[in-house]
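This report describes one protein model for a reader who is new to structure. Please look at the sequence and the 3D view before reading on.

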Amino acid sequence: MNKYSAGSGTNPSTIRTTRSPFLDGWITSSASALRRAPIETYLQGWREQGDVVRFRLGGPFDAYLVVHPEGVDHVLREDNQNYGKVEWHNARFRELLGNGLATSEGDRWLSRRRLLQPAFHRERIEGMVAVMVGATEEVAARWDLVQPGDIIDMSREMMGLTLTIATRTLLGIDPAAEAPRMGPFIDESLRHIIRRLESLIAVPLGIPAPANRRFVAARRELDGFILGLIEARRADRSGPSNMLDILLDTRDAETGEPLTTTDLRDEIMTMLMAGHESTSVALTWAWYLLAQHPDVFGALRSEVDAVLDGGVPTLEQLGQLHQTSMIIDETLRLYPPAWSTTRSPLHDDVIGGRRIPKGKIVIVSPYVTHRHPDFWPNPEAFEPERFRDGVPTGDNRFSYFPFGGGPRQCLGLTFALTEAKIILAMLASRFHPALPPGHVARLDPQVTLRPLGGMPMRLG
C-alpha cells in the first residue's frame, strides 16, 4: 500500500492549462469533458481532488486517475499482476494490431516478450545505426533544396523519416515506393482506434458503416504490404539481416515451433506502428521547443560540432552527446508521445487512501505526472539541465516514465532513443528550424500526442 494519502501534500495550482467552458462545475460528472479535452480534464481533476482523481462517468463507468509517482509505481510495477489492460480498450487496438506483444496478456504476453527481447539487444541496435544515419542524410539532402522562406510540416517530415527507418530496419526494404503510400493508411487506422475508444457503443466492423469501410480498406492495404514482405523474405533471405529475419528465425522455447504468419504479421504491425509514430512525435516537439529556446539550440549545435566534427555519428559518439540526450529527455517529459495509459484491477485495491473497486478503469498519465511540482520545480518550463545527472531512478523513478514502466516497459526504448539522438544531432548540425511568426502549437491527444494540424516550420 502506498504511503501518501489522497490529496495530500500537493496543490497543483501552478499547472498551466486552458480552462474550457464545459469544464466549469462538477468536473467528475462529465464524460464529455474526458472525450473532448482529456488533458485539460485530467489537470483540472488533479487540482480539485489531489493525487488520485475519481471521474464519475455514469453508471458503473467510473475511472480513477493516479498522479503521484508512488501510485504509478504501484499500478505499473509493484502490483502489476493485479492490473491488466482494460479489455474494451485493448479490443479496439486488436482490430489493427492483432494479438501481438502490445495487446496480449498473461502467459502469452510473457512468452512473446521473452521471444522478442533478443531482437532489441544493444548489439542488434548497433547494426541499425548505419540505416538511421543513411535515412537522415537523405532528409538533409532534400532539405538543402528547400528555398528560404518556404514552409515545411515538421510533423510530416519526422513521420516520413522514422517510417523510412522503421521499414528498413524491420523489413529490410527501401521504402521509396511503398512506405510513403502507407502513411495515409496508418493515419486512418489510428483515427479509427480513437473513434472507437471515444464511442460508448462501437459499431461491429462487419457492419459497413462509412468509418468501418475506411478502416477495413486501410487495414487491408497495410496487411497486404506486410504479408507480401513476409512471404518475399521467406523466399529470399539474401541481403543484410533485419528485424524480420530475427522473427523468422525465432523459435518457441518449449515447442521449438516458429512464429506463424499471423504471429509475424501482428508483431511487425505492432513494431511498425510503435517504431515510428512515437519517435516522430517526440522529435516534432523537440524542434518546436528548440525553436523557442535559441540558447538551448546553440548549446546543442556546439556539442554536435565538437563531438562529430562534421562527420556522422557512431554508437560510441552518441554516448558523448550529453546535451542532445538532455534535450530529448526534457522533451519526453513535457510532451510524452504515449501520454496516457489505462489499466483495470482484478481485485479491489487502495491507492493513496482511496478505494479502487475491481473492474474500474485506472489511468496513469506521464503528461500529468511529469508536471508534479513536488518532483519537477517550475514544471512547465523547458529546462534540459534537469537531466544533467540522467533520468530519475530509485524511489523517484516513476516521476518520469515516458516509455511506461514495470514488466511492460517499452521493449524498443533503446532503439527509439538511439534513433532520436541520431536524427536530432545530424539535422541540428546543418539546419536551424524556426516557427512562423505567431504560431502556437496545440495538442492533439489521440493515440499519441501529436500537434494539432501539424507543425509548420522554416529552415534556417
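Helices (H or I, at least four residues) and strands (E, at least two) are DSSP runs, numbered from the N terminus. The model is predicted: local features need pLDDT of at least 70, side-chain atom pairs count only at pLDDT 80 or more, and totals for chains, interfaces and linings use all residues. Residues are numbered from 1 along each chain as its sequence is written, and side-chain values use heavy atoms, with hydrogens and water left out.

## The chain as a whole

The protein chain holds 17 helices and 12 strands. Its radius of gyration is 22 Å, close to the 23 Å that the globule rule gives for 460 residues, so the chain is as compact as a globular protein of that length. This radius is taken over C-alpha atoms, and the globule rule is 2.2 Å times the number of residues to the power 0.38. Along the principal axes, the C-alpha atoms fill a box of roughly 55 × 55 × 45 Å.

Of the 460 residues, 52% count as buried. Buried means under 20% relative accessible area, exposed means over 50%, and partly exposed is in between (1.4 Å probe, protein chains only). The chain exposes about 20100 Å², and carbon and sulfur atoms supply 53% of that area. Accessible areas come from the Shrake-Rupley method with a 1.4 Å probe; for residues, only the protein chains shown count as cover.

A contact means heavy atoms within 4.5 Å. Among contacts with a separation of 6 or more, 73% are between residues 24 or more positions apart.

The protein chain has 51 positive and 56 negative side chains, and the centres of the two sets lie 6 Å apart. Lys and Arg count as positive and Asp and Glu as negative, while His and the chain ends are not counted. The place of a charge is taken as NZ of Lys, CZ of Arg, CG of Asp or CD of Glu.

## Strands and their pairing

Two strands pair if DSSP finds at least two bridges between them. The table gives several such pairs.

| Strand pair | Direction | Bridges |
|---|---|---|
| β1 (residues 52-56) and β2 | antiparallel | five bridges |
| β2 and β8 (residues 361-364) | parallel | four bridges |
| β5 and β8 | antiparallel | three bridges |
| β3 (residues 83-84) and β5 | antiparallel | two bridges |
| β9 and β12 (residues 456-459) | antiparallel | two bridges |

Strand β2 covers residues 62-66, and five of its five residues are buried, so β2 is largely enclosed by the rest of the structure. In a regular strand the side chains alternate between the two faces of the sheet. On one side of β2 are Asp-62, Tyr-64 and Val-66, on the other Ala-63 and Leu-65, and all are buried. Leu-65 is the bridge partner of Val-53, and Leu-65 also has Ile-363 in β8 as a bridge partner.

Strand β5 (residues 341-345) is mostly covered, with four of its five residues buried. Within β5, Pro-345 stands opposite Tyr-83, and Arg-343 has Val-362 in β8 as its bridge partner.

An open sheet of three strands has the order β4-β12-β9, with antiparallel pairing. Its edge strands, β4 (152-153) and β9 (433-434), each pair on one side only. Ala-434 is joined to its bridge partner Arg-458 in β12.

## Two buried residues in helices

His-192 lies in helix α9 (residues 179-198). With a relative accessibility of 1%, His-192 counts as buried. Apart from neighbours within four places in sequence, His-192 is in contact with Glu-95, Leu-205, Asn-212 and Phe-215.

Tyr-367 is placed in helix α16 and is buried, at 6% relative accessible area. Not counting residues up to four places away in sequence, Tyr-367 touches Ile-39, Leu-43, Leu-334, Pro-336, Trp-339, Leu-443 and Leu-449. Tyr-367 and Thr-250 are 117 residues apart in sequence, and their C-alpha atoms are 36 Å apart in space.

## Two loop residues with positive phi

Asp-309 lies in the loop between α13 (294-308) and α14 (315-318). Its phi is near 50°, a positive value in a residue other than glycine. At 67% relative accessibility, Asp-309 counts as exposed.

Asn-378 lies in the loop between α16 (366-369) and α17 (413-428). Asn-378 has a phi near 50°, also a positive value in a residue other than glycine. At 48% relative accessibility, Asn-378 counts as partly exposed.
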